[in-house]
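Student: Hi, could we go through this structure together? I'd like to start with the charged side chains and then move on to other things.

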Amino acid sequence: MSRFTTALADAAPSTQGITLGTTGERHTWSEVGARAGRMGSVLMERGLEPGAAVAVLAGSPVDIAPAVQAIWLRGASVTMLHQPTARTDPRRYAGETAAILRVIGAELVVVGAPFGDVAERLTAGGLPVVTVAELDAGTAMSVSVPPVDESATALLQLTSGSTATPKAVRITHANLWANLESMCDAAGLTAGSDVMVSWLPLFHDMGMVGFLTLPMCRGIDLVTVTPTDFLRSPLLWPQLISKYRGTCTAAPNFAYAITARTLARLEPGEAELDLKSLRFALNGAEPIDVAAVEAFLHAGARFGMPDTAMVCAYGMAEATLGVSFHPWGTPLQIDRVEAAALEQDRRALPVHGEVPDAHVRAFPVLGPPLPGIDVQVRSVEGEVLPERSIGTLMIRGDSVTELYLTVDGPVPTRGADGWLDTGDLGYLVDGRVVVCGRQKDLIIMGGRNIHPTDIERVAMSVDGVRAGNAAAVGWQTSGGRESFALVVESRDAGDENAVRVIADAVRSAVTAEIGVRPAQVVVLPVGALPKTPSGKIKRAATAALLRHQD
């Protein structure tokens with residue numbers, strides 16, 4: 001067996017387990033393993049062979065955990081399908097799902113509640129489907145585990161925005177185990193003493209790898225709810241950390257911003273929260289806003305949260321998950337650099353003394369690369385750059401994958417030299433990673449290289465703009481001048497007067513702090529900004545939306 005499947009089997013006797021935070025329903029990993037054995041007997045009866053690809057669509061983590069374990073212990077690979085929402089067009093979703101299944105070569109789709117209607121559509125389309133209920137009808141308490149090579153596919157992780165033109169990262173057993181080991185080492189995770197708390201979507205790599213696969217194969221306690229549960233009540237997240245003495249959690253930046261606002265609004269005695277146990281709150285999956293991070297730490301301090309709890313990180317599906325972690329148990333590190341040098345000379349020069357905010361850019365330092373991963377910064381010409389020079393981040397290591405699966409067939413992820421081009425702009429400082437933004441999103445005006453995240457950060461500080469819901473995109477004015485546009489979401493988008501006030505405030509704030517004036521500011525209602533299934537803003541689609549409205 002591979003080291004990963006061996007770890008799954010070794011964790012099966014564990015008395016730790018998975019708890020559904022909304023109900024308190026708990027299953028030990030031993031019980032999950034027994035259920036996986038019964039499910040595996042059904043998969044074996046259906047002729048599922050090692051090397052086959054299986055897609056999974058289910059809502060409850062308690063159903064997903066034994067289902068994916070059963071698939072892995074049959075030597076097959078798992079693909080977590082993006083989950084439809086109330087706004088999803090059923091016919092379009094069925095068509096996009098069919099395209100994904102063709103790309104990954106799926107031989108079976110496992111469907112659980114609440115997606116029974118999807119199962120019916122897939123079956124009607126001639127796709128092989130088995131429900132979680134049918135898997136649960138298995139009678140065998142254990143199933144023989146076929147040999148699984150380290151080079152076998154464990155996960156086919158769909159990339160962000162891949163529903164229209166599907167693309168999946170092929171993650172082998174060796175890739176997966178290398179990243180799990182390095183993340184556990186860097187995070188100091190230990191069975192019996194750590195409790196992981198998560199609401200992350202399991203179709204996203206942070207949720208699937210970091211907050212289901214890792215605790216399941218290391219026998220660590222996990223308390224979990226769905227993203228819908230969190231969005232319905234953001235206070236639920238800190239409440240679960242408090243109730244179960246959570247030590248480790250993770251989320252994208254927007255969630256920390258929302259939760260900071262939620263905690264700050266609580267009146268004394270309104271919520272009995274104790275966050276002293278939280279030692280590792282990983283922030284990743286999107287550009288990290290320093291103001292949001294600091295607001296979360298400040299709001300959490302009222303409830304005993306340590307000021308060292310925040311762990312800013314860098315990761316991507318092509319690295320399986322983690323690339324670098326800020327060292328846990330140490331204070332947040334912010335690199336304050338000269339805006340002019342950053343934007344004009346592509347250098348991150350430290351700010352000394354008192355400097356106006358408009359002349360400063362601040363980035364969280366994302367820590368050293370995880371064990372087994374190397375990071376370089378290269379110029380457009382491929383030259384390896386010295387520290388504090390801005391360039392493209394390149395990575396290599398045992399957890400860095402080799403292939404994408406696409407509609408046109410397999411495509412290498414790495415270059416001929418073995419290094420993967422992340423597409424992210426950043427720099428190194430004392431060997432630690434700093435990310436500035438995406439190369440393709442860079443806004444160039446008057447010789448300045450402006451990162452949209454800097455503009456978006458200012459826009460989101462304006463009253464009425466929703467946290468995590470602003471997009472700055474390159475824009476050409478009617479006179480042909482290169483500029484940029486800003487699109488923000490607001491709950492007041494239906495009020496013309498409020499829209500005017502918000503747009504004027506955003507325009508003024510950005511002009512004052514960044515030193516450039518938006519060509520236009522558009523205020524949209526909640527849910528209007530184009531996003532990937534994992535919740536990231538799609539800037540190219542936002543620009544297309546603006547052009548359509550213009």
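Student: Which residues are linked with R35 in a network of salt bridges?
Tutor: R35, D63 and D136 are linked in such a network, where a salt bridge is a side-chain nitrogen of Lys or Arg within 4 Å of a carboxyl oxygen of Asp or Glu. Please keep in mind that this is a predicted model, in which local features need pLDDT of at least 70 and side-chain atom pairs count only at pLDDT 80 or more, while totals for chains, interfaces and linings use all residues. Residues are numbered from 1 along each chain as its sequence is written, and side-chain values use heavy atoms, with hydrogens and water left out.

Student: OK, and how many salt bridges does the count come to?
Tutor: By that rule, the count comes to 22 salt bridges.

Student: Which side chain does E134 meet in a salt bridge?
Tutor: E134 meets the side chain of R46, at 3.8 Å from N to O. The pair links distant parts of the chain, since E134 lies in helix α6 (residues 132-136) and R46 in the loop between α2 (29-45) and β3 (53-57), 88 residues apart. Helices (H or I, at least four residues) and strands (E, at least two) are DSSP runs, numbered from the N terminus.

Student: Are D454 and R361 buried or exposed?
Tutor: D454 is buried, because its relative accessible area is 4%, and R361 is buried as well, with 1%. Buried means under 20% relative accessible area, exposed means over 50%, and partly exposed is in between, with a 1.4 Å probe and protein chains only. The side chains of D454 and R361 meet in a salt bridge of 3.5 Å, N to O. This pair, too, links distant parts of the chain, with D454 in helix α14 (residues 452-460) and R361 in strand β16 (residues 360-364), 93 residues apart.

Student: And how far apart in the chain are R92 and E96?
Tutor: They are 4 residues apart, about one turn of the helix, and both lie in helix α4 (residues 90-104). R92 counts as exposed because its relative accessible area is 58%, whereas E96, at 18%, counts as buried.

Student: Switching to sheets, what is the strand order in the open sheet of 4 strands?
Tutor: The order is β17-β18-β21-β22, with antiparallel pairing, and two strands pair if DSSP finds at least two bridges between them. At the edges stand β17 (373-378) and β22 (432-438), each with a single partner strand, so one side of each is left without a neighbour in the sheet.

Student: How many bridges join β18 to β21?
Tutor: There are 4 bridges between β18 (residues 391-397) and β21 (residues 420-429), which run antiparallel. As one example, T392 has L425 as its bridge partner in β21.

Student: Now the core, which members of the largest one touch the most others?
Tutor: V68 and W72 do, out of 115 residues in the largest nonpolar core, which is a set of buried Ala, Val, Leu, Ile, Met, Phe, Trp, Tyr and Cys residues joined through side-chain atoms within 4.5 Å. Leaving out residues up to four places away in sequence, W72 touches several residues, including F4, L8, A154 and M208, where contact means heavy atoms within 4.5 Å.

Student: Why would such side chains gather like that?
Tutor: In soluble globular proteins, nonpolar side chains tend to be buried together.
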